[in-house]
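Open your viewer and keep the selection panel handy. We will go from stop to stop, and at each one you will hear what to select and what is there.

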Amino acid sequence: MRVFIAGIDGYLGWALAQYLAARGHEIAGADLFLRRRWVEEMNSWSATPIRPMEERLRAFKERFGKEILFKRGDLRDYEFVENFFREFQPEAIVHFGEMPSAPYSMIDVDHCVFTQTNNIVGTLNILYAMKTVCPEAHLVKLGTMGEYGTPNIDIPEGFFEIEYRGRKDVLPFPRQAGSWYHWSKVHDSNNIMFACRIWGLRSTDIMQGVVFGTRIDEMGDDERLLTRFDFDQCFGTAVNRFCAQAVIGHPLTPFGKGHQKRGFLPLRDSMQCLTIAIENPPKEGEYRVFNQFQEVYTVYELAEKVQKVANELGFNAVIQPIENPRKELEEHYYNPDHRHLLDLGYQPTTDVESELRVMLQDLMKYRDRIEAKKDVILPDVRWDGTRRKSQFLVPTQAS
Ligand code: USQ
């Protein structure tokens, strides 16, 4: 299948290009390299060294025997998107080309407005270009489990049947996102659902949980093929941060009580699920939603798992909860469905500890790079609309 990946230079995009190429798909991709710039803005870098794109593309060709049709460009530029689609004629479009960080979107008004315009405009351009050039193609859009928030009832996959004043309907499940970033994904979901309805486009909106992991098998031992691994307060996800913290002897940092529950999944599971979605497209006009995660854990449980594996490897990891810089519930009900992918054959990784072991072993190689940027680990971006630079937060006790 011809698969176009928007955001191919990122954490998921670069891994997916390899996962799909290894399975015989033809890949094209676009990127503006903004992720590299945002992480520099955080005064950080990826723990795994990320090569210039030309070098990545050469390594890709050596390993998979075929080229990626790559163009540097901005999804906010409609002509760029339409022309690329005309040239490549994609059958599937995987859209990762968005600003993915909740804290980054909360820094101040500029970061908020940037996040929402970048994400929403890029998606609208993709929808219009699909309609114009390849209306039969399948849009696989990366949404987030965070669109739902943490309601006190079960979370279905996108839609639920509701009875109100004696009448019934199947409606989109209410969204209660927790950051400007997460709301940008909600706005995208609404726009995509509408485009499918009026133009007959087909799309899978992936409500993905928090991903962790340093590698997939397809990367082999070629360092040039590694994907990025961020650990700063904005672009590092919780488990990736805990692993990076463990290898440099920094305390693991659950925020607040650490009882926040989320769906988590290893990088290899994310690749497996996305491929299942791509290879099983919806029908014309269908907008479907997949909740994509392996299992629900609390943040504290995951810190304990990282601590256990790290200590087996000879580290002396300690968990030190810090004051929560976010506004989020720290005690809540959380029971999201995730049947659609299982029904299509998703086989979840069950041994999370061996996944963590691989991560910690990989990161030991890059210990010096993490150590060099350890000042970026503690968070100072708050949800209150004011940024306090370099403010150390007071440790609190886990209850
Ligand atoms: N957390 C900690 N300690 C840390 C970092 C985070 O306790 O050092 C907590 C957060 O407070 C939150 C949970 O861990 O309760 C998850 O935080 P995160 O930074 O790993 O994930 P989040 O901000 O939700 O965003 C990440 C990705 C985003 C994706 C989302 C999926 O950056 O692109 O959409 O995960 S989900 O969380 O399901 O919305």
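On this tour a residue is near a molecule or strand if one of its heavy atoms lies within 4 Å of it. This is a predicted model, so local features need pLDDT of at least 70 and side-chain atom pairs count only at pLDDT 80 or more, while totals for chains, interfaces and linings use all residues. Residues are numbered from 1 along each chain as its sequence is written, and side-chain values use heavy atoms, leaving out hydrogens and water.

**Stop 1: the ligand**

Select the ligand and what surrounds it: 22 residues, the closest being Pro100, Thr144, Ala238, Phe255 and Glu328. Colour this shell by type and you will find ten nonpolar, eight polar and four charged residues. Here Ala, Val, Leu, Ile, Met, Phe, Trp, Tyr, Cys and Pro count as nonpolar, Asp, Glu, Lys and Arg as charged, and the others, Gly among them, as polar.

Now look for polar contacts (pairs of N or O atoms within 3.5 Å; within protein, one must be able to donate a hydrogen and the other to accept it, and residues adjacent in sequence count only if both atoms are side-chain atoms). A polar backbone atom of proline 100 is 2.7 Å from a ligand oxygen. Threonine 144 has a side-chain N or O atom 2.7 Å from an oxygen of the ligand. At arginine 326, a polar side-chain atom lies 2.8 Å from a ligand oxygen. On its own the ligand has 720 Å² of accessible area, and the protein covers 93% of that (Shrake-Rupley method, 1.4 Å probe; for residues, only the protein chains shown count as cover).

Which elements give two or more residues to the shell? They are helix 7 (180-199) and helix 8 (238-247), and helix 8 gives the most, with three residues. Helices (H or I, at least four residues) and strands (E, at least two) are DSSP runs, numbered from the N terminus.

**Stop 2**

Switch to cartoon and find the open sheet of seven strands, ordered 3-2-1-4-5-8-11 with parallel pairing; two strands pair if DSSP finds at least two bridges between them. Strand 3 (69-72) and strand 11 (287-292) stand at the edges with a single partner strand each, so one side of each has no neighbour in the sheet.

Zoom in on strand 1 (residues 2-6) and strand 2 (residues 26-31), joined by five bridges. Alanine 6 has alanine 30 of strand 2 as its bridge partner.

Next, select helix 7, which lies across strand 5, strand 8 and strand 11 and runs at about 155° to strand 5. Axes are lines fitted to C-alpha atoms, for helices over the stretch in contact (heavy atoms within 4.5 Å), and angles run from 0 to 180 degrees between N-to-C directions.

**Stop 3**

Finish at the open sheet with order 9-10-12 and mixed pairing. Its edge strands are strand 9 (210-212) and strand 12 (295-298), each pairing on one side only. Neighbouring strands here are turned by 45° against each other on average, direction ignored. Select phenylalanine 212 and you can trace its bridge partner in strand 10, proline 266.
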